[in-house]
Amino acid sequence: MPSRGWLLALSLSLAALAGNTVGAVAYERTERNCSLSPPYLPSTAVNTTLQLQELREGMRSLNIFAYIIPGTDAHLSEYIAPRDARMAFMTGFTGSAGTAVVTQTKATLWTDSRYWVQAERQMDCNWELEKDVSISSVAEWLISEVPPGGQIGFDPFLFSLKTQEDYQLNLESSNRSLKSIPGNLVDQVWKNRPPIPPDSLTRLPDRVIQRSWQVKVDQIRNQMRDNPYQPTALLLSALDETAWLFNLRGNDIPYNPFFYSYTLLTMDQIWLFLHTDRVTEELRVYLNASCNGSFCVQLKSYDSVLADLKKYVAQPGVKVWIGTEYTNYALYEIITPEDKLMTSSYSPVLTTKAVKDETEQRILRDAHVRDAVAVIQLLMWLEKAVPEGKETELTAADYVNKCRSKQHDSRGPSFETISASGPNAALAHYSPTEETSRRLTVDEMYLVDSGGQYLDGTTDITRTVHWGTPTAMQKEAFTRVLMGNIEISRTIFPSGTRGVNMEMLGRRALWEVGLNYGHGTGHGVGNYFGVHEWPVGFQGNNIPFRAGMFTSIEPGYYKENDFGIRIEDVAVTVPVQTKYGHNFLTFDTVSLVPYDKKLIDTSLLSSEQLQWLNKYYETIRRLVGPELDKQDLHAEKDWMLKNTEPFMASGSSASICSSSLTLIALAVALLHNIV
């Protein structure tokens, strides 16, 4: 699944969509038109008049001229709980990335190209859309709308350090200023704000754990002790940091097994801030919550983190280490003076968690084997069902999630399934709804990007298929995307190499013919954690690769209003023997589903790429075959074997089966009088 940002400007044509819509209103125009009188609004648009009126009243009482509403939570999460979807409540827009700003006379949303069409479908005419995501663009707009001397309000819990600094930098010479308002103004007008889910906290079973939470605490304390800046405490703000440290999981965030929490770790104390009413007696015993030693977890109220952090910082000789990427401005601004603060981009918990131990690697591989079964079930079913003309993008998404739910240790999907055909697939983050779901046909390409949460791992895989006759351009584009995937997967590199330094390998085959894609090439993946797990991946702010890191590899190509292609696999970095050098790595692919052979033009593949592909197919047979047998899925195994027959090096997309290879070998032997 492509991570947020870096996405190509792709739009969906109204004509193409209207011609193949299977929603309740088949011929409804899907995007608003505010230039008409009266304006045209589709049924998906949300009336935001009342909440804007009430918000503006609150702004006037505080004497602020504008209010900024980010699309995140107090932990700067990518995926947020319904109760934190303030931007969606105010705008109607439910995309995962964006910033809204309200003044007394205007309301504007900034979002990236993944979501322009979605925003036009969901927002009413109270809102303007700015097709940009940069803080400089928001600041420029604020300067034009806020009078000199005017204050701009924001919730410091929803701003990262960098976000606050960037706004401050862009506004400092304009005589407009930011005003920190801890009580969120949207919450004050949100009458039916969703509650926090009850009873969400659980511990992982011992069978999926190699390191106890006490061992992990000891590892992190050793890194604090060895740090030359001598921090006395580490503040953990990202939700996956605390969940990893204590081997705990929750259900506060859709698709992510996290719970609201902070942790303050010192050399002799552990403070865990959470909703304490969720902690059972069993968990209190597990966390040693009734003692006061260095391996005893003191349970604190989630809402007391500011007050308790202030008390700690007020002590002499203390220094708090924070990771700036996930610490909100409200916490940062109380750690004063400056000599009581130590920063790094990522906390030592995130960098330690990025390298999976032996147990984590083994069980994450196991999860991908079971996940492959679900995807194979989907592809086989669609191959039979689509020619009958009854299935849609939405039914396909439901089917793969249903298949995953039957797998051992399944805990639901890891993100909203991207199930897209034809022009919808040209939108990298499109997910079908009742209004937008198109009927699947043999005449169009189909892209499915889906993943599962399992007790032993998180999965994410994308396959693109065609059930009819692809065009020459579609085959070439698909093959070149596959070449990019293979080139990264087979590369050998020194340990410590940054992903950004080899990211272009995924693009080179596309660049050679003037094609490209606008999203990232890969992101980290966790063990029953987030499907986008920082800080691993191929972007400039990712950490260097070391053995034991899992990342997606996902080049693509998107032809506007026509089709989309993405091939995504998860791979783990493993040591490799080289002729001369030591400490080198390569990728071992753990996603185990065959590619659509109908779309592969082997004449474009090098012998090395073809060799890699055939070896990968051997691995699928070796690992997934026994699992299909175990589940008595004999038809699915036959399908898998047929679709993993080895390729021959020729100018066609045909594969050659094992029996054919045997016959050829016998013929060659006879010709040479060997038999």
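Mentor: A charge is said to sit over a ring if NZ of Lys or CZ of Arg is within 6 Å of the ring centre and within 35 degrees of the ring normal. By that rule, the charged end of R249 sits over the ring of F529, 3.8 Å from its centre, and R221 lies over the face of F295, at 5.2 Å from the ring centre. This is a predicted model, where local features need pLDDT of at least 70, side-chain atom pairs count only at pLDDT 80 or more, and totals for chains, interfaces and linings use all residues. Residues are numbered from 1 along each chain as its sequence is written, and side-chain values use heavy atoms, with hydrogens and water left out.

Now to the meeting place. An automatic or database domain assignment gives domain 1 (48–189), domain 2 (202–354) and domain 3 (359–652) in the protein chain. The C-alpha centres of domain 1 and domain 2 lie 30 Å apart. Where the two meet, 19 residues of domain 1 are in contact (heavy atoms within 4.5 Å) with 23 residues of domain 2.

Between domain 1 and domain 2, about 1,600 Å² is buried, and carbon and sulfur atoms give 65% of that. Buried area here is the accessible area (1.4 Å probe) that two parts lose on being put together, summed over both. H75, F157 and L161 supply 43% of the area that domain 1 buries against domain 2, more than any other three residues. Salt bridges between the two domains number 0, taking one as a side-chain nitrogen of Lys or Arg within 4 Å of a carboxyl oxygen of Asp or Glu.
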